Amino acid sequence: MGVKCPSCGFISNPCPSYICNKCGASGLEVIYDYGAIRNHLSNNSLTETHSMWRYNSLLPLNEQPKVGSQVGFTPLLEANNLSREFGLNKIFIKDDSVNHPTLSYKDRAVAVAVNKALEFGFDILGCVSTGNVSNSVSSFAATLNKPCFVVVPGGTENGKVIGSLIFGAKVIKVRGNYDTANMLCKELAKKYPIAFANINLRSYYSEGAKTAIYEIVEQLGWRLPQNLVLPLAGGTLLIKAVKAIRELVEIGLVKNPTKIRIYGAQATGSSPIALAFELGQDQITPVQPNTIAKSLAIGNPGDGIAALQAIKSTNGYIGSVTDEEIIEGIGLLASKEGVFAEASGGATVGLTKKLAKSGVIPRDEEVVVMVSGNGFKTPDPVANCVYNAHEVDGDLTSLSRAFGLD
Ligand SMILES: *Cc1c(COP(=O)(O)O)cnc(C)c1O
Ligand SMILES: [Zn+2]
C-alpha cells in the first residue's frame, strides 16, 4: 500500500499529507497490491464483523481499527412504494441515515481518517465541515479522549453545531461559506500538528467512502446495480464509488460485471459540477452556494474535476434539483418509505424522480438511491410542509373529536 500522485505519478509511503511532495499537486491517491488482496481473499473469506471493517483489506490501515467498530453495515431497503410512485421496476434505498455513530455516510470516511491519524501519532483531531464530518470527528475524539477542533461555515444548522459541541469539541463558525473555511483550515493544517480528517488526512478519509458501495454490491448478492444515484458536493463519494466498483471487479468479488450507470445529484443552488457537465466543460467554475441543502453547499469542490471524469467513465449523468424538488423528495421518501432524510437524501430521491420521468433511467431497470444523512438532525427545511399539530384539552371527547372520530 502506498500513495500515488495523480499528476506526476510519484509513489511514496503513506504520509499525513494530501499534497505530492515532489510536484505539489494535490489529491494523493491510496494504491494497493490487488494481486495480494485477491490471494488473501481467496484463502480467507471477508471478516465476519458486521461493520465496514469487513472490507479492511481494501482500506489503508496497517493495524486493526482502535475506534469506530460500529460504523457501516447499514440497510439496503426495498422501496416498493416509491418504485410504484416513480414507475420504476425497483428502487433500493441505501440507508446511511442510520449509520453509526452520527447518522451520516461521513462516519465511514472519518473512521478511516481518525484511525490513520492514530497510526501517524497525532494527538489532536480536527476537520472543516458543512456539519456531518464535524459530528463524526467530534464523536470519535470523545471516544479517544482527544481534543478536537472543528471549523464550520457561519450558516451551519444548529442541530449539527450542537451535535458536535455535545461531544466536547471546540467548534468555531467562520463568517463566510465552506470554501472560505476550507481554505483557512488548509493553512492551519500546514502550521500545526492537527489531523484534519478531510484535509491532511484526506487520502485516507476518502477511502472510507468506498465501503458504502462494497456493502451495496454485497447486499445485492455480489452484483452491480444497473443504476446508482449518489449525492454530489465535494465529489468524494462519487469518485470513490467508481474506484470501489473497479476494485471489486479486479479482485474477483464481482465475477460478471454488468453495466452500471452512476448519477450525481447536486442542489441547483450549488451545482458547479452539474453546470460543467451540462456545458460539456472539463473545468469547474466555482459558485456561491445558496441552497437549503447545506451538506451539498460546496461551491468550489475539491474533487470536482475527478468527479466529472468519473461520471463520464460510467456513461452516467450529473443533474441538479431545486430546493422545492429537494423538499418534495424528503417528503416522498418519508411518506412512502418511512425514512426521514436530510436534504441531500431529498436531492437523490428528487433526481431519481426526474430521471425516471424523462426516461434517462429506463422503467424496467433497478436503481439504488443513496440516502446519506438523517433528517432528524435538520428538520427545519420541511417544518412548513407539515401541519401544525393540534392542541386539545385533556379529555377523551376533545381528543376523539380532533381525530375526527366523532
Ligand atoms: C458530505 C455529504 C454529502 C456530499 O458528499 P461528497 O462526498 O462531498 O460529494 C452528501 N450527503 C451528506 C449527508 C453529506 O454529509
Ligand atoms: Zn506529484
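Modeller: What follows starts at the metal site and then moves on to a pocket, the backbone and the aromatic pairs. Keep in mind that this is a predicted model.

Start with the zinc ion (ligand 2). Which residues hold the zinc ion (ligand 2)? Its protein donors are Cys5, Cys8, Cys20 and Cys23, each through SG. They lie 2.3 to 2.4 Å from the ion. Along the chain, these donors follow the spacing C-x2-C-x11-C-x2-C. The geometry is tetrahedral, with angles of 105 to 115° among the four donor atoms. As a reference, the ideal angle for four tetrahedral donors is 109.5 degrees. The cut-off for the label is that all angles lie between 85 and 135 degrees. The site's angles of 105 to 115° are why it counts as tetrahedral.

Is Cys5 buried or exposed? Cys5 is buried, because its relative accessibility is 2%, and the limit for buried is under 20%. Cys8 has a relative accessible area of 40%, so Cys8 is partly exposed.

Now the second largest pocket. Its volume is about 460 Å³. The lining has 24 residues. Closest to the centre are His40, Asn56, Ser57, Leu59 and Gln64. By type, the lining divides into twelve polar, nine nonpolar and three charged residues.

Next, the backbone. Most residues other than glycine have a negative phi, and most peptide bonds are trans. Pro101 sits in the loop that runs between strand 5 (90–95) and helix 3 (106–120).

Asn145 belongs to the loop between helix 4 (132–144) and strand 7 (148–153). Its relative accessible area is 72%, so Asn145 is exposed. Asn315 is placed in the loop between helix 11 (304–313) and strand 12 (317–321). With a relative accessible area of 56%, Asn315 is exposed too, because the limit is over 50%.

Last, the aromatic rings. How many aromatic pairs are there? The count comes to five. One of them joins Tyr55 and Tyr214, with ring centres 5.1 Å apart. Their planes stand at 50°, so this pair is tilted. Tyr55 lies in the loop between helix 1 (34–43) and strand 4 (76–78), and Tyr214 in helix 8 (residues 210–219). The pair thus links distant parts of the chain, 159 residues apart. Both Tyr55 and Tyr214 are buried.

Another pair is Phe120 with Tyr204. Here the ring centres are 5.7 Å apart. The planes are at 65°, so the pair is edge-to-face. Phe120 is in helix 3 and Tyr204 in helix 7 (residues 202–208), so the contact ties together parts 84 residues apart in sequence.

Methods. Residues numbered from 1 in each chain as written. Chains lettered and ligands numbered in written order. Predicted model: local features only at pLDDT ≥ 70, side-chain atom pairs only at ≥ 80, totals over all residues. Heavy atoms only, no water. Donors = N, O, S within 2.8 Å, 3.2 Å for Na, K, Ca; no water. Tetrahedral: all angles 85-135°; square planar, octahedral: opposite > 155°, others 65-115°. Buried < 20%, exposed > 50% of the residue type's maximum accessible area, 1.4 Å probe, protein only. 1 Å grid on protein atoms, 1.4 Å probe; cavity = no way out; pocket = protein on both sides within 12 Å on 5 of 7 lines; lining within 4 Å. Points joined across faces, edges and corners; volume = space filled by probe spheres on them. Nonpolar A, V, L, I, M, F, W, Y, C, P; charged D, E, K, R; others polar. Helix = DSSP H or I, 4+ residues; strand = E, 2+ residues; numbered from the N terminus. Phe/Tyr/Trp six-rings, centres within 6.5 Å; stacked < 30°, edge-to-face > 60°.
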